[in-house]
Structure formats: C-alpha cells, structure tokens
Amino acid sequence: MNNYKLCYKVAVVLAAIIVALLVGSIIILAVGGNVLSTYWIIISMPFKNFRSICEVLTRMIPLMIIALGICVSSRCGINNIGAEGQMYMGVVASCTVAFMCAGMPRMIAIPLCILSAAIAGGLYGFIPGFLKAKLEVSELLSTVMLNYVATQFYLFCIRIPLLDPNEKTGTPMSARLPESAVLHKFVRGTSLHEGIILAIVLAALIYILLFKTSWGYKMRAAGASSRAARYGGINVPKYLIIAMVISGGCAGMAGAVELMGVQGRAMSGITSGYGFSGIVVALFGALHPIMVIPAAFFFGILLYSQVNLQILTSVPPNLVQTLQGAIILIIVSVQMVINNPYTEDRFRRRFFSSIKKEAK
Amino acid sequence: MGKFTEIKELRLENIVKRFPGVLATDHVSLTVGEHEILALVGENGAGKTTLMNVIMGLYHQDEGSMFINGEEVNFRSPNDAFDCGIGMVHQQYMLVPNMTVLENIALGMKDCQKNIKVDLEAVRAKVNEISTKYGLKVDPDAYIWQLAVGEQQRVELVKTLCLGAKFLILDEPTSALTPQETDELIALLSRMANELSIIFISHKLNEVKALSQKVCILRHGAVVFQGNTKDYTPKEIAALMTGRDVETSANTEEPCNGKTAISIKDLCVKSDRGFLALDNFNLEIREGEIVGLAGVSGNGQRELAEAMNGLRKVESGSIKFYDTEIANLTPRQIIDLGMGYIPEERNIEGIVPSMSIKENIILKDTETEKFSKNHILKNSEIEKYTDEMREKFDIRSPHMHIAAGSLSGGNIQKVILAREIDRNPKFLVCVYPIRGLDMGAAEFIHKQLLALRKRGVGILLISEELEEIMNLSDRIAVICKGQNQKVLLRDEASTAKLGILMAGVKDE
Amino acid sequence: MFVDIMINTLTLTVRFAVALLIASLGEMYNQKAGIFNLGCEGIMSMGAFLGMLVPFMIGGAGQVPGYVNILGLITGTICGALLGLIFGIVVITFRAPQGIAGIGMQMFGVGLAGTFFRSYIGGSQSITGINATAIPVLSKIPVLGEILFTHNAVVYFAYLMIPVCYYIMFKTPWGLHVRAVGTHPRAADSLGINVNKVRYQSLAVGGAMAGFAGAFLTLCQAKMFTADIIGGRGFIAVALVYFGQWHPIKIFLGALIFTFAQSLQTQIQIFVPQFQYYEFLTMLPYLLVIVVLAFNRESNKFGPASLGKPFNREMRV
C-alpha cells in the first residue's frame, strides 16, 4: 500500500469526523445547549455502569439485524428503505403467532414467532423487489410508500384484532405476550436479552452467504454491474427479489426481537425509527456483515443517548435523528472522495510532491 | 464579433496535461497556419482528444501555453475558445437527442439567450445562412433522435460554424460514416479549407493522405513526428504511429465446409427505442469459420449480438445453434449450450468492474463442479485457475485481487478472452474486439481468434474496421438497416465494394 | 350527503393540492437537470417549521399582520433553497449516490425541524396562519364558486406557478440549459455551459419550492407544526414527477388526483364515522402511488437520460 494513499484516506476520514462534529455542535449551539457537555453525555453515559452498557447492546440488536439485511439488498444493487414497514409486519406476525403459541414450550414458540416474523417481513420485502425486478418501479419510492401503508396496517391491527381485551383506556396496544414467547434477559434488572444471539448468528450467516457462496457472488455481481451480471448468465431479477426477501426477512425478525425481548407487547411506535437507523448502520459498516457489528454498537450508543439527553440536558433527542441524517450525507460523500483518483492525485502532489511517479 | 477577426496561426507550446497516474500529453508543441489542414494521427490513447480538449478550454493544461496570432491566450471554458473563433466537432456527437436542431444550436449561441425568451428565430436565420453558404442541408425543426448519423454530423458542423468558428477541430469525423459518406465529407472539408483552418484527427491513413497538408503524429502523449503529408506514404506514417513495423495476422486458410453452427432466419429484433433494429436478418455460419459482419455502427450489430446471446427479445424469426433453437432462451441456457460472447462494451458489460480479476474469471461458471460445491465457492481452486489464466493470456496485473475495472483496456479484453476461450465454446460472438486497444494487444487477440478458428469454432466477428474484417474473415456479410445486404467471400471483397453495400445499395 | 362530501372533497383538493404541486414542480427542475432529490421530504419539513416559527415568534398563537405570514413563507423558501444547495454539495461536488443521499437529507431535515421545534416552540401550539377569503361574487356561483373561489391568495399564486414553470422550462435560456444538462451533460459542457452550476441552480430552485410547499402546509393548511407533518408528501411529490412525465401540466393533474384521494378519505372519516377501518382509507393514496408507478413504466423513457448520474468532465464512460 502506498504511503500517501493511506495518509489520504486517514485525512479524508478525519475531515469527515470533524465535519460531523461541527454540524452537531452548530445544532447544539442553536438550541442553546452546551456542546462539550452534550458530547460528553453521549459518549460517557453508556459506559457508566453495566446496566447502561446493556442498554446500548439492547439497542444494537435490532440495528444489527436490520443492517445485515440492508447489506444484502444494497450489495445486490437495491436500496431497501422499507425496513421500517417490514419491521411492523414482523411485529404483527410474531405477535399473532405468540398468542397462538401460548402454553407451548419456549423452544418451540420462540423459533415459530421469529420464523413467522421473517416470513412476514420477507413477503413485505418481496413486493418492492418484485416491482423493481419486473416492472422497473424505483425501490426508493415503493419502499417508502409501503412504510406508510405498513404503519397504517399496524395501527389497525393493534386497534382492533390484536387489541388487549383488558385495555379500558382506549390506548391501542396488544396484551402482554404469553411467557412462552418472551425472550429472557441475561441478567435480572438489565435489558440485554437473548435476541443478541440471533443477531450474531445472523451476522455470521450473512457473511458466509455474501462472500463464500455462489448465491452471494451472484448477488454482488448483480449489484456491482447488472449488465455484466446478465451477460454472465445471472438471472438478475431473481436475485434482486431474493435479496429483498432476505432484507425484509431480517427487518421482520428485528421487529419480532424488539417485541419479544424489549416491549413485551405490540404498541404504537414500536419500531422507534430502527428501520432508518439500520440504513445508517449498514452504510457506516461499509455494507460488510462483520463491520456492521461495531457500527451497530456505535449507533446503539447514539440511540441510547436520546434517553440521557432528555433527562440531563435541554437538547431535544431529535438531535440524534438529525445527526444520523448528517452522517449519511457525510459517509456517502467521504466514500466518493476516497475513491476519487483526481482529488487523491491533487493531495499527493500537494503533500508528497517529492515522490515522482508518473506512468507514461 | 469575436476576439480575432482572423486566425493567422494557432501555436501550442509544450502543452502538458496529467491525469492521475498518466501523462496524457507530454510537452506537445505544434503550429497550424491559416487555411491549413493538419492531420493529427496516433493510436487510441495517444492523447489526441485530450490535446484538442485543451485547445477548446475543456481541460486546462498543467504546463505550457497557447498562442493565437502570436498573442497568448488562456481558455478557461469553451466559451473562450468560441470567442476566439475556434470550434470543435467531437467524436461522440454533442447533441441533446430530445431537443430540436434549433434548440441544440441555440444552446451554444449566447447572443440568442439575452432575453427572457430564447430567440429561436435569430438562430433559424443564422442556420439558414450557414447551410446555404456551405451547402449543408439540415432540417432546423427536426428532433436529433430522428436524424441519421450522417445528418447529425451535418448538424454538428452547422452548429460549430454558427458559433463563429474560423478554426475547426474534427475528432475522428469519419468513424461512423460509410466510405462514400467519408468521401463526401472530405470533399466538403477541402472546399471549406479555403476559408477555415482545420485540425483533423484520424487514424485512417488514406483519409489523412487525401485531405491534409501537414501531419503530426502523437505517441504516448508526445509528438514523435511532424511533416508534410505528401512526402510520406501511408505505410511510413503507420510505422511512425505505432513505433514499429505493423505486422498483421491474417487468415490465409482455405474456406471451410464444416457443419452449420449458426443459422439465423428472418430475425426481427427491436432496438431500445422500439423500432426494428433487425429486419428479417438472415445469416449462416459454419463451424471453423470466421464470418465478418461489416457495417456502419448502429445498423443492428449490437442488437444481433444481444439477440444471439439471449440478452434481447426476439420478435420473430429463428436462431438455430446447431440443432437447438435459441431465440428467446435465457442467457444462462445459451451459455450452457456453448456460446461464447465478447461484448461491445467491455468495461461495463464484459466485466464487473468493481470485482477482482479472480471473481471476473468465474463470472459464467459459479455453479460448475470445478469452482463450487453445494453452492460454496472453492476459493483455492479459483485462485489456482486464475493464475493459470493470467499466465496463459498474458494478463498484466500486480495480483489477481485487483479490481478488474482498474486494468487497461487491453488487459480487460484479455480477462474476457481468457474466460470465454477457456470455457471451450462451440461458437463465439465477438463485437469490436480491438476497439480502443493498442496494436500489441490487438495483435494478441487476433492470434487467439485465429487459433480458435483452427480448433473448429465458428466465429461471428462484428467490427467497424474493414481492414480487420478483411484480414480475418473467411466470408464477409454486410449489414445495413438491420438487413444482411450480401455475403462475400474474402477474395471477392474490397473496400469499395463493401462501402457500397454498407451504404445500403444492394447490387444484383 | 354524497353531494356534500364531493363538494367538500373538491374544495379541499383545490386547496391542499398546492403543497404537493409546488414541491413536485420543484422536484421536476431537479430531475430535469439530472438530480434525483429524495430529500424533498426533509426540505419541506424545515420549510414547514420555519413557516410556523416566524409568525409564532412574533405573534404567538394570536393574530399577526399579513406580512408576517408572508415573511414565514419567504423564510421557509430561503431555507429550502439553502438545504437544496447543501444537498448539491453532496451529490454534485462529491458525486455521491443520489438515492441514499436523499434519504440522508430527509432524515437530516425532518430531524432538524423536530429538534428546533422542541426547543423553540415546545409543544403543540397553533397559529392563525393565512386564512381563506371568499372572493366576492365569484364565490357565489353554485358549486363551482365554493370549490374554486373560497381560498386564500397563496393558493391562487401557487396555481399561477404552473404556466410560469412551463414557460421557464421550455422557453427561457435557463430552461434550455436545464434540459440539456439533464439529458446530455457532455453536450452542454462542450458548449461552455457550466453543468454543475446549472445543477446547483436547479437544486436551489427546487429546494426553494419544496421549502415554500412546506411553509404552505403550516401556514395555510395545518396552522400548526408536528414532526411528521409532511407525512410522506415529499416522497409522493417525487413520485408525481414520474407520474407527470416531467411535464408541469401532467404533474398538476397528478397532484389533483392524489390530493383528491387524500381529501376523500378524510371526508369519509368525517361523514361516515361508523366506518371502523379508517386506516385502510389512509393507506389509499400511498397504495395509489405504488400502483401508478407500477403501471406507468412507459413514462420512464420520457425521463432525463442523465437522471441520477453525476457529471465528471474527465471521466470517460
């Protein structure tokens, strides 16, 4: 690796971090917060004690599962913005199955719930995949629209068919899940639950799928250049649909895990924006299933800080969403700058002018 | 109007332009006088177009300077070049397809853009004036996408002249024309030289001979030769252009009488635009035979290649591959029958640019027993095989994990060739195999094709270089407007004959 | 009752189509110049917030002079233009992939509006906003009078934008540049047109219109701000551009159809309260978008050929 190339990359990444911090600072100042203490709260609070680390890890679970799915779809060249909707579908399915499985042993009930969520999410992912592959409908638009549709469908479900029969106040929410469908916490009094096992197993599976199997190879080829893939005899539409189904399935499972491990009942707003944050995590992890793990941890910290910001500062927790948006914008820019041979060349000539290496 | 009323002389001094890792032009100096035609020749990638883009102000030189009539000029944008009376017709026409001829010309005429509304009538007047003056007929209200290639070129010329060009740069103007259209253009340009100065880029040496007074040869970005055209033969110029004597491999075998490998009957295929690109096309190719398909590009060649490989829907007609009907089969099915395909756009279709050489080598074979078991890829097998291929096909790269898209054109073509040839195809469709390659790589590829022919593989060679076709083919078919004009034996063919056929004139 | 529902629906359609229409016309400029701006939703969100903030800071929930409301509209518009330019830095200067960058812009805009809203306004407050005034005489025409002539001035101004946008796009030099840049940027470049500059300009114009549309939502429609006030209108606006085949008149028709679906569903909820499954009605406009996109793919060929492709003079394709 050439010396200056590494320097160049480091410089670009550093610049990006500075820009991100600056954007955050400006917003914090604008809402009258204290920049340093706000950042300090975001970074230090999660590591205050074991309980708070568990909180971060708990948030990491759905983030990771969704981001893994997005790795598959994005690598295959289809942007899945619909994780939010697929997650809702997963919640509905797993909630329904959970009540049907009441009284069964956990070893049966839990896999059934998760499986049903995966199927529901997968089917919901199938729709935009099919529309894109067969009818050339932009997946960006169709998935976003399907998010709104799913939100309404979910609201309907928790208002009428899944409504808690003992609920008297009229708040739309389901009854508490039967014990057989609840994911247990590892340590009493902390939030970390068994879902993290699923997340890690999935990371390994997706890694193998993408990089060790011929299916993954074909998906990546289809995503990198659909024309070349078609020329190479790869059925591009088929793999687009499969990638979307896997992606949707992951989002559905994330919904199930969130329902069974954290909330315990289906209520409004259960997805808490994980579907969108998952996109940021996947991008931050460079669409690599293993890199997604640290990326999810970082965003777990960010999401957990929402709670602390609300308690400890005057800075509204919406700041986190703003930062996520800014981070997306910065990451996509940084990737293009890093891969731009022209700016790299200019950088080299300015700071490494002593190296003369000109090919003819 | 304009900064200079006339251009007595355009002089470049030591122009240097760098791209990352490449020195595109290396201290180039040249001079063009009034009413002079300078031919700028050189292989693909020699830096001709880059140099012209510097003159036009599209690129800014890293070093060196430019003088008009002895006065230094510094162009920051094409507008500056237009102001000084310099205009360029680019190799790929710079016309917006869904706008009319008038709108396209108005786009460059700053005079008609001063008011809120574009003054199209002023443009029309100017267009009429220019087209009468030079005898260039254009329909000002036609949309560009409705025009044929030759007409588009006229529009380009009119556009450049409307912008006040007194100094004309033409970048490979004949590359999309039939030989007859080329002759017309050359006659026109000779007439225009009475009023204009012209720089003419080409690598077709007979055109250079016919048109130019001076010739300047670029190689690897540097001027290697300048002189008067009339003092040199095309062969001498060619030798200077490539830096060595040109040796071309040629097919000297007897025509063969093998089994019919491909038989195309009444094939109709639509283009992207929706009209019939192939209109009842017929062709037969035997095994062990190279059939060259000559024709001006855009007459259905691409559609033919794609239809034969399952990449384009066949509307009607049949394609028989030995005994199997392959029209509208999937690409996978056709590949499995033993079809090989070297596509036109090697950078984006022939390879997946962001994937490594290793991954590109197995593009068509991920499910074969050799490279995978139960869908798990056999990594070590793949690497071993890739190393063999790099050796056998002389693919020059630091290692096999490098992104294929970062290789040079010649090496990319070798990767494709390695993959296609080593799969032992029964038939090979080969589209513009040496376009944009240097002579060395082209030579290598031609040798491989001839070797493949010896092994009894039928080859359809689609090319726009008549020389390549006449050297390699056993028989030559000519395509025009989606129809097979005629099939000639190699010995019957001549440039003139092919040219007439390419223009759509069917002889009896 | 049916007649009541229809008259109400149509009246609301005429008024509420404005936000979609303006945002969509703005997006049309972006796309014609080759930029796919999915961040429209975020820009509208900021526009909506500022449309609320300005009158709220000056007059609170009470009556404010008319010019303050106009000031709100203008602030929203300017902010939209600025956000459009920020998006331009990402997708034009850095040449980032536009789809995903648009999602980033959307999150940024919605998040930022939410953040500022929480700290400057706090809870659910309302403003008087710009009220509808019936035009004398004309509004007395039966049926049509109520549907067409009972709106506020901004609505009429917005409809005036349709011919204006048409004229700008197809008759002016700038429109000529925009169309060239979105279809064949190299050709425009070879004629000395600064491709990226035109694209930045189109983003500023498109962003300004999105900001205006957002401010319209708070000032003339909702009279209040919530974090999810845009509710996908930004995305629908993008879809409408496809539906309208990049033509102002067709986009206008599209905006009417979608707003009609949306207004009809609110009217049914009001007039038929016994209908229990109103979520399914709310879904309809979104489903309509998907169905239209699915059966309208022929229109893709009307699209600007370089839509979504960054321009780089030195990169040969």
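Two residues are in contact here if their C-beta atoms, placed from the backbone, lie within 7 Å. The structure shown is a predicted model.

**Figure 1. The contact between chain A and chain C.** The contact takes 38 residues from chain A and 41 residues from chain C. On the side of chain A that touches chain C, two or more residues come from each of α5 (106-135), α6 (139-159), α11 (274-284) and α13 (318-338) of chain A. Helix α13(A) provides the largest share of that side, 13 residues. By residue class, the side of chain A that touches chain C has 26 nonpolar, eleven polar and one charged. For the complex, the predictor gives an ipTM of 0.91 and a pTM of 0.89.

**Figure 2. The contact between chain B and chain A.** Here 29 residues of chain B meet 24 residues of chain A. Four elements of chain B each supply at least two residues of the side that touches chain A: β2 (22-33), α10 (331-336), α11 (346-350) and β18 (376-377). That side of chain B divides into 16 nonpolar, eight polar and five charged residues.

**Figure 3. Chain A and its helices.** Chain A has 14 helices and zero strands. Its radius of gyration is 22 Å, which agrees with the value near 21 Å that a compact globule of 360 residues would have. Along the principal axes, the C-alpha trace of chain A spans about 75 × 55 × 35 Å. Of the 360 residues in chain A, 57% count as buried. Taking contacts in chain A between residues at least 6 apart in sequence, 76% join residues at least 24 apart.

**Figure 4. Helix α8 of chain A.** This helix covers residues 214-224 of chain A and is mostly covered, with eleven of its eleven residues buried. Among the buried residues are A:Ser214, A:Trp215, A:Tyr217, A:Lys218, A:Met219 and A:Arg220. A:Gly216 and A:Gly223 are also buried in α8(A), as are A:Ala221, A:Ala222 and A:Ala224.

**Figure 5. The largest nonpolar core and the surroundings of A:Met64.** The largest nonpolar core has 386 residues. Those with the most contacts inside this core are A:Met64, A:Ile65, A:Ala67, A:Cys113, C:Ile22 and C:Phe216. Helix α10 (residues 236-263) of chain A gives the most to the core, with 17 residues. Apart from neighbours within four places in sequence, A:Met64 is in contact with A:Ala199, A:Ala203, A:Val292, A:Ile293 and A:Ala296.

**Figure 6. Chain C and its helices.** Chain C contains twelve helices and zero strands. The radius of gyration of chain C is 20 Å, close to the 20 Å that the globule rule gives for 317 residues, so chain C is as compact as a globular protein of that length. Taken along the principal axes, the C-alpha atoms of chain C fill a box of roughly 60 × 45 × 40 Å. Buried residues make up 56% of the 317 residues in chain C. Of the contacts in chain C with a separation of 6 or more, 81% are between residues 24 or more positions apart. Chain C has a mean pLDDT of 89, and 98% of its residues reach 70 or more.

**Figure 7. Domains 1 and 2 of chain B.** Chain B is divided into domain 1 (9-242), domain 2 (249-338 + 425-508) and domain 3 (355-423). The C-alpha centres of domain 1 and domain 2 of chain B lie 33 Å apart. Ten residues of domain 1 are in contact with eleven residues of domain 2 in chain B. On the side of domain 1 of chain B that touches domain 2, four residues are nonpolar, five polar and one charged.

Figure 8. Most residues other than glycine have a negative phi. B:His375 is not a glycine, yet has a positive phi of about 70°. B:His375 lies in the loop between β17 (372-373) and β18 of chain B. With 15 other C-beta atoms within 10 Å, B:His375 is partly exposed. C:Val143 also has a positive phi, near 55°. This valine, C:Val143, lies in the loop between α4 (98-121) and α5 (144-148) of chain C. C:Val143 counts as exposed because 12 other C-beta atoms lie within 10 Å, the cut-off for exposed being 12 or fewer.

Notes. Residues are numbered from 1 along each chain as its sequence is written. Chains are lettered from A and ligands numbered from 1 in the order in which they are written. This is a predicted model: local features need pLDDT of at least 70, side-chain atom pairs count only at pLDDT 80 or more; totals for chains, interfaces and linings use all residues. Domain bounds come from an automatic or database domain assignment. Ala, Val, Leu, Ile, Met, Phe, Trp, Tyr, Cys and Pro count as nonpolar, Asp, Glu, Lys and Arg as charged, and the others, Gly among them, as polar. The radius of gyration is taken over C-alpha atoms; the globule rule is 2.2 Å times the number of residues to the power 0.38. A residue is buried if 20 or more other C-beta atoms lie within 10 Å of its own, exposed if 12 or fewer, and partly exposed in between; C-beta atoms are placed from the backbone. pLDDT is the predictor's confidence in each residue, from 0 to 100. A nonpolar core is a set of buried Ala, Val, Leu, Ile, Met, Phe, Trp, Tyr and Cys residues joined through C-beta atoms within 7 Å.
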